Amino acid sequence: MPIARRKRPSASQSKAAIKSLKKPNTRIDFSLDDLDVENKKGDAGGDDVIESEDDFEDEESSKQESSENEKETADAKKIRMAREYLNKMEQIDEDSSDVPSSSDDEDDDASMNHDDLISKRLERHRLKQQGMYERIVASKVQQSVEGRWTTIDPDISNSDDAKSQSAAWADRGHIKLLRGHDLTTTCVALHSPSGSVGYSGSKDNSILMWDIEHEKRISTIIPRWNPNTCDYTRNSGEVLAMAASDDGRYLAVGGRDSTVKIFDVRQKQATARATVGISDGKEIRGIVTTFEGHKGPVTALAFRSQSLQLFSGSNDRCIRHYNLNEMAYVETLYGHQAAVTGISCHGIRHEMPYSVARDRTARAWKLAEETHMIYRGGSKISNADCISAIKDDYFLTGHEDGVLSLWIKDKKRPIVSIPSAHGFHSTLPRGIVSCASLGGSDFAATGSSDGFLRLWKVSTGERSSDRGLDSIGKIPLFGYINDLAIGPKGRFCIAAVGQEPRLGRWDRIPLSKNRFAIVQLRNDDDQQQMDASAEEKLQSDENNDD
């Protein structure tokens with residue numbers, strides 16, 4: 001008997017069947033006869049349930065809605081992200097202390113509609129990220145400082161006694177001198193975006209944390225040297241340089257022990273990653289790591305703006321590069337022929353730190369190209385003690401012979417030089433000990449031992465005739481101004497004031513005090529103070545006439 005074999009479907013029939021299975025949202029049309037038959041089957045005890053046409057329509061609509069949502073999410077992703085970014089920008093701009101901007105911008109923003117305001121804020125933010133936005137601050141500071149001088153007794157303001165003038169400014173509340181260090185204050189650092197927290201270091205080995213707004217000390221990061229508990233000499237623990245990261249988390253500290261210590265200042269308790277040090281019988285919490293490698297005292301530290309790249313300079317003539325994202329050493333930069341005295345890195349557009357040393361040169365380090373440029377001021381200019389990058393292409397240097405120089409990256413000679421910027425001591429000009437600038441603005445300040453903090457307007461135009469350095473005033477601050485840091489919008493600055501210079505003891509001002517200084521440069525109450533002082537002066541004149 002022949003065996004009946006099932007006919008095998010052809011290849012075309014198989015493909016058609018597979019395609020039919022793959023068709024989405026396949027509609028099934030049921031006739032009344034079929035429904036009756038299936039209902040009878042269900043009555044007979046079958047488990048099959050047949051859905052109605054409305055149920056299939058609901059399923060189809062839900063699938064269509066889900067597909068539309070997926071398409072909408074993909075198409076509107078950029079718009080959604082843009083809206084979130086704009087909302088974030090509005091929240092940031094509401095807090096004026098977080099993002100520096102000039103008061104001129106605030107006045108312009110108040111007169112704009114919403115769309116123009118958002119557009120201008122985005123444009124401003126883009127220029128800041130590219131390092132091309134320039135804030136006009138110097139004129140506002142000049143006006144404020146001139147108004148503050150009017151509140152001082154004319155007999156004091158017209159005299160040449162810097163000590164009495166400094167005391168008068170402190171009595172008026174324009175300067176706050178905070179105690180905390182026993183020996184000379186050598187360096188300061190500031191959390192730049194907010195300006196709410198400051199730090200200071202001293203020759204007594206102590207590192208202090210300050211609340212700028214309330215003008216008081218927050219905590220002691222490292223206590224002062226104690227001969228009964230410390231197994232090292234006081235000189236070996238001197239703090240000579242410090243720098244704070246823009247995110248407000250890390251504080252880098254360098255000193256005579258040839259190390260760079262990294263502190264997590266937001267850390268209140270020791271973690272597995274952090275180490276705990278012992279000093280003066282107390283635990284020092286927050287030390288993340290300690291970088292070794294320098295063969296001499298660390299005299300300069302600087303963070304690159306808006307990043308965690310750190311640079312350190314030392315008496316061993318080397319500059320070391322670190323990455324705090326990985327807490328790792330990156331490379332060593334060689335080139336200087338003498339001790340490095342200063343480092344600064346604006347570095348928003350270019351990864352290029354600037355440095356000065358006692359070899360009478362300034363250098364710009366092209367890290368990507370592994371080369372550097374050398375700047376020489378000529379045979380008449382002495383060593384530079386400080387440097388400050390005001391923009392990616394411009395930087396200031398202060399020299400031992402009192403010369404203040406403005407440089408541009410593309411020229412090997414200074415474009416502007418001001419001799420004897422801080423006057424003379426007998427017949428010799430006073431050396432510039434410190435300089436600082438508000439990044440991306442036209443404002444800078446310098447310090448020396450003449451008893452005054454001097455303020456400057458820095459013009460960086462495209463043409464050579466539009467570039468220059470102009471003095472816009474001075475503020476009495478008696479003692480060696482060893483370090484400076486300018487707050488957001490140029491509203492204030494902090495200074496390390498002491499009896500001795502930062503790197504030695506070859507000079508001494510015995511009548512000065514070792515203090516952490518907060519100097520008010522301008523604020524919202526300036527106009528009110530000027531009006532009040534003008535009324536007081538008018539009343540005194542009337543009384544004298546009577």
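This is a predicted model: local features need pLDDT of at least 70, side-chain atom pairs count only at pLDDT 80 or more; totals for chains, interfaces and linings use all residues.
Close-up 1. Tryptophan 149 has a relative accessible area of 18%, and because buried means under 20%, tryptophan 149 counts as buried. Among the 8 aromatic pairs that the structure holds is the one between tryptophan 149 and tryptophan 169, an edge-to-face arrangement with 5.1 Å from centre to centre and 70° between the planes. The pair links distant parts of the chain, since tryptophan 149 belongs to helix α7 (residues 138–149) and tryptophan 169 to helix α9 (residues 162–171), 20 residues apart. Tryptophan 169 is also buried, with a relative accessible area of 0%.

**Close-up 2. The aromatic pair of tyrosine 375 and phenylalanine 395.** Tyrosine 375 lies in strand β18 (residues 371–376) and phenylalanine 395 in strand β20 (residues 394–399), so the pair ties together parts of the chain that are 20 residues apart in sequence. Tyrosine 375 is buried at 1% relative accessibility, and phenylalanine 395 is buried at 0%. Together with Tyr354 and Trp407, Tyr375 and Phe395 form one aromatic cluster.

**Close-up 3. Strand β13 and its partners β12 and β14.** Strand β13 (residues 319–323) is largely enclosed by the rest of the structure, because 4 of its 5 residues are buried. Strand β12 (residues 309–314) runs antiparallel to β13 and is joined to it by 5 bridges, with glycine 313 having isoleucine 319 as its bridge partner. Strand β14 (residues 328–333) also pairs with β13 in the antiparallel sense over 5 bridges, and there the bridge partner of arginine 320 is threonine 332.

Terms used
Residues are numbered from 1 along each chain as its sequence is written. Side-chain values use heavy atoms; hydrogens and water are left out. Buried means under 20% relative accessible area, exposed over 50%, partly exposed in between (1.4 Å probe, protein chains only). Helices (H or I, at least four residues) and strands (E, at least two) are DSSP runs, numbered from the N terminus. Two strands pair if DSSP finds at least two bridges between them. Rings of Phe, Tyr and Trp (its six-membered ring) pair if their centres lie within 6.5 Å; planes under 30 degrees apart count as stacked, over 60 as edge-to-face and the rest as tilted.
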